[in-house]
Amino acid sequence: MDDKMTKVMNILNKSLKEYKGLKIYTGDEVASEHAAFGMPTAMPYLDLCIERSGIAAGKLYELFGFERSGKTTFCLQTAKRIQDIGGGILWVDAEHAWDSGGEDRAIELGVDISNVILARPQTIEAMFRVQEKVIESIGAASYNSPFLIIVDSITSVPTEYELKKEMEGEDRTGHEAKVLKRGYRRLMGMLSQSQIPALHINHAIASPQAFAAANSGGGHAVKFFASVRIELKHMKELYKGTEAKKRRTGQDIKFKIHKNKLGKLRITEFSAQLLNDGGFDLNLNLHDALAKVGVIKAVNGDCSILYPDSELKRDF
């Protein structure tokens with residue numbers, strides 16, 4: 001920065017001290033302070049698509065799709081990956097499903113539930129308050145390890161107004177969307193300052209128009225504030241065995257990146273196998289990711305591991 005700009009910055013910093021929460025940076029200071037380091041997700045291929053080695057610090061991610069598309073399973077496997085690198089998890093159980101099979105599923109997928117902060121809000125407002133309080137507590141405790149907030153899911157609980165009114169009470173069109181908008185406005189600044197990322201699950205809504213793409217619920221707020229939007233879609237069932245004795249082993253799930261403000265949309269979609277036992281097949285997903293970047297190459301069932309100067313063949 002030249003002397004003129006340095007003088008302007010000094011005057012600005014002195015005059016803006018009275019405005020709480022307002023910070024002035026130069027472009028290179030922002031690049032160094034907010035260099036978005038990544039935490040791995042459960043899907044190596046998804047980390048490749050996002051181009052930030054996974055979940056970037058201080059960013060909001062929206063994960064949406066219809067039922068049986070693997071949203072909660074993906075988040076549980078991602079929670080395990082964060083724990084593997086010494087990180088912590090806040091799981092906001094807005095669907096209140098933790099005690100009806102959710103806890104068993106988490107244990108099955110390897111999540112250490114004793115090191116998960118579990119919150120069960122009754123309203124949307126409480127859902128945002130608990131996230132804010134945890135972020136403040138992490139700052140006060142000088143928590144220096146990775147941390148991830150997971151919400152399942154953002155439109156599962158009513159607003160405080162809806163909770164107090166009778167079922168046949170006054171209808172407030174767009175009330176839920178307005179509450180979510182106010183909540184995200186408050187939350188986004190706290191996520192950025194604390195460098196804590198959040199992964200919010202949302203439900204997909206079918207369009208009344210034929211062949212129209214599905215959309216997510218809760219209004220437009222989460223679409224605007226999310227840095228990355230990922231859709232999960234059930235494609236087909238997976239079976240094993242002969243026609244007479246075949247059994248269902250899982251399903252094929254398509255991941256589609258609708259928005260990525262952290263990198264270029266070079267790869268917008270890929271498929272992954274969601275198995276009945278063990279969640280998503282991470283080994284197969286890693287194989288697909290390595291094949292995409294040219295590290296390995298499959299020929300007639302054999303796998304070649306490629307190096308700059310040589311080619312070593314090995315059964316993969």
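A: In this predicted model, Lys 178 is found in helix H8, which spans residues 175-194. Lys 178 gathers there with Lys 165, Arg 172 and Arg 182 in a patch of positive charge on the surface.

Elsewhere, charged side chains meet in salt bridges, of which the structure holds ten. One of them joins Asp 93 to Arg 120, with the closest N and O atoms 3.5 Å apart, and this pair links distant parts of the chain, since Asp 93 belongs to strand E4 (residues 88-93) while Arg 120, 27 residues away, sits in the loop between strand E5 (116-119) and helix H6 (124-140). Asp 93 is buried, at a relative accessible area of 2%, whereas Arg 120 is partly exposed, at 33%.

Arg 120 also forms a salt bridge with Asp 99, where the closest N and O atoms are 3.3 Å apart. Because Arg 120 lies in the loop between E5 and H6 and Asp 99 in helix H5 (residues 98-108), this pair ties together parts that are 21 residues apart in sequence. Asp 99 counts as exposed, with 57% relative accessibility.

Within helix H6 itself, Lys 133 and Glu 136 lie three residues apart, about one turn of the helix, and their side chains meet in a salt bridge at 3.9 Å from N to O. Lys 133 counts as exposed at 54% relative accessibility, while Glu 136, at 43%, is partly exposed. A further group, made up of Arg 68, Glu 237 and Arg 248, is linked in a network of salt bridges.

Key
Residues numbered from 1 in each chain as written. Predicted model: local features only at pLDDT ≥ 70, side-chain atom pairs only at ≥ 80, totals over all residues. Heavy atoms only, no water. Patch = residues over 30% accessible without salt bridge, like charges linked within 9 Å, V, L, I, M, F, W, Y side chains within 5 Å. Areas by Shrake-Rupley, 256 points an atom, 1.4 Å probe, with all protein chains shown as cover. Salt bridge = Lys/Arg side-chain N within 4 Å of Asp/Glu carboxyl O. Lys, Arg positive; Asp, Glu negative; His and termini not counted. Charge placed at Lys NZ, Arg CZ, Asp CG, Glu CD. Helix = DSSP H or I, 4+ residues; strand = E, 2+ residues; numbered from the N terminus. Buried < 20%, exposed > 50% of the residue type's maximum accessible area, 1.4 Å probe, protein only.
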